[in-house]
Amino acid sequence: LLYHEQTGIVEMLGRKELKIRDLVSVRRTGSDTVEYVEQTSHTNAAAGGPEATSSAQPEADADGGLLITATGGGYKPEGSWAFVRRTAVVKTIAEWVPATKRALADVAALEGLINDELRQDVAETEEAQILNGDGSGENFTGIANWSGIQTQTFATDIFTTIRKAITKARTVGRVNPNAIVVSPATAEAIDLAKDGENRYYYGGPQVIGPRRVWGLPVVESETQSDANVLVGDFSKAVLWDREQTTVTMTDSHADFFIRNLVAILAEERLAFAVTRPKAFVKAALS
């Protein structure tokens, strides 16, 4: 007779390393819709102004126009700001799988594995939505598709292009960018880049420590497109947690009760918005 030892080892396929949630601002909400205010324009009219030499009041315009200010009135320059109220709607990311009651009873670790896998599936989709959501249905509008973000065309090489994107983030977006998000293929290209004497720009395979370009941390995400990199201040993208990922189980789905099946459901509810679009620059790599 042959006897088989059940080791309890269950080897899964492996997962993407998720980085983007740690970059963006994460807040809590108890509502299904969150509001924020975005400044849309700012005219800085600040300038030196003379002291008043006359106490005369403004006079009415004969044609009914604006008041005519008095000569020597010492009027100071007037600036202007404009704001708009925005809303972000809470949406749901969810997934369920069926399982037999016998399997759950016979394999002690199975329920925990299913729960973990469902949570990871939801988390992977969340990252994809933050970066690349198209805004349709229950999809977020991701950073790469958000109206108003800046773009940078390819210029000479990847390093020149990224540096120009940093300048745009600083001078137009008025932020100090805190990360460069790249795909694994782009990260590889950065690591393997060499100068005219065949020396690695970044020290080659013996370098220990986080990857940086132009002083900014390079964040590698499998969800990021190979066609571009994303430079910006990621605190200007906000994720509001309405309901963090929960896992529930029921046999009331369809005819599951009479078939000894259960449905295991994971879902989270959250809203997302880019509160300052110009804080981000999508830089093309070709």
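Predicted model: local features only at pLDDT ≥ 70, side-chain atom pairs only at ≥ 80, totals over all residues.

1. Let's start with helix H3, which runs over residues 110–132. Its 23 residues reach 33 Å from the first C-alpha to the last, close to the 33 Å expected at 1.5 Å a residue.

2. Which residues of H3 are buried? They are Ile114, Asn115, Leu118, Val122, Glu124, Glu126, Glu127, Gln129, Ile130 and Leu131. The cover over these buried residues includes helices H1 (20–23) and H2 (101–106), along with strands S4 (91–100), S9 (228–232), S10 (237–250) and S11 (261–274).

3. Leaving aside residues up to four places away in sequence, glutamine 129 touches Ile93, Glu138, Asn139, Phe140, Thr141 and Gly142.

4. Next, two backbone angles to check. Most residues other than glycine have a negative phi. Threonine 156, although not a glycine, has a positive phi of about 70 degrees. You will find threonine 156 in the loop between strand S5 (150–152) and helix H4 (158–171), where it counts as exposed at 68% relative accessibility.

5. Asparagine 260 also has a positive phi, near 55 degrees. Asparagine 260 sits in the loop between S10 and S11 and is partly exposed, with a relative accessible area of 47%.

6. On to the aromatic rings: how many pairs are there? The count comes to 8. In one of them, tyrosine 36 and tryptophan 240 have ring centres 6.2 Å apart and planes at 25 degrees, so this pair is stacked. Tyrosine 36 belongs to strand S2 (residues 33–43) and tryptophan 240 to strand S10, so the pair ties together parts that are 204 residues apart in sequence. Both tyrosine 36 and tryptophan 240 are buried.

7. The rings of phenylalanine 159 and tyrosine 202 have centres 5.8 Å apart and planes at 40 degrees, so that pair is tilted. It links distant parts of the chain, 43 residues apart: phenylalanine 159 is in helix H4, and tyrosine 202 is in the loop between helix H5 (184–192) and strand S7 (212–213). Phenylalanine 159 is buried at 11% relative accessible area, whereas tyrosine 202 is partly exposed at 29%.

8. Two last items for your viewer. Phe140, Trp146 and Phe272 are linked into a cluster by ring pairs. Lysine 194 lies over the face of tyrosine 200, at 4.7 Å from the ring centre.

Conventions: Residues numbered from 1 in each chain as written. Heavy atoms only, no water. Helix = DSSP H or I, 4+ residues; strand = E, 2+ residues; numbered from the N terminus. Expected span 1.5 Å × (residues − 1). Buried < 20%, exposed > 50% of the residue type's maximum accessible area, 1.4 Å probe, protein only. Contact = heavy atoms within 4.5 Å. Phe/Tyr/Trp six-rings, centres within 6.5 Å; stacked < 30°, edge-to-face > 60°. Lys NZ or Arg CZ within 6 Å of the ring centre and 35° of its normal.
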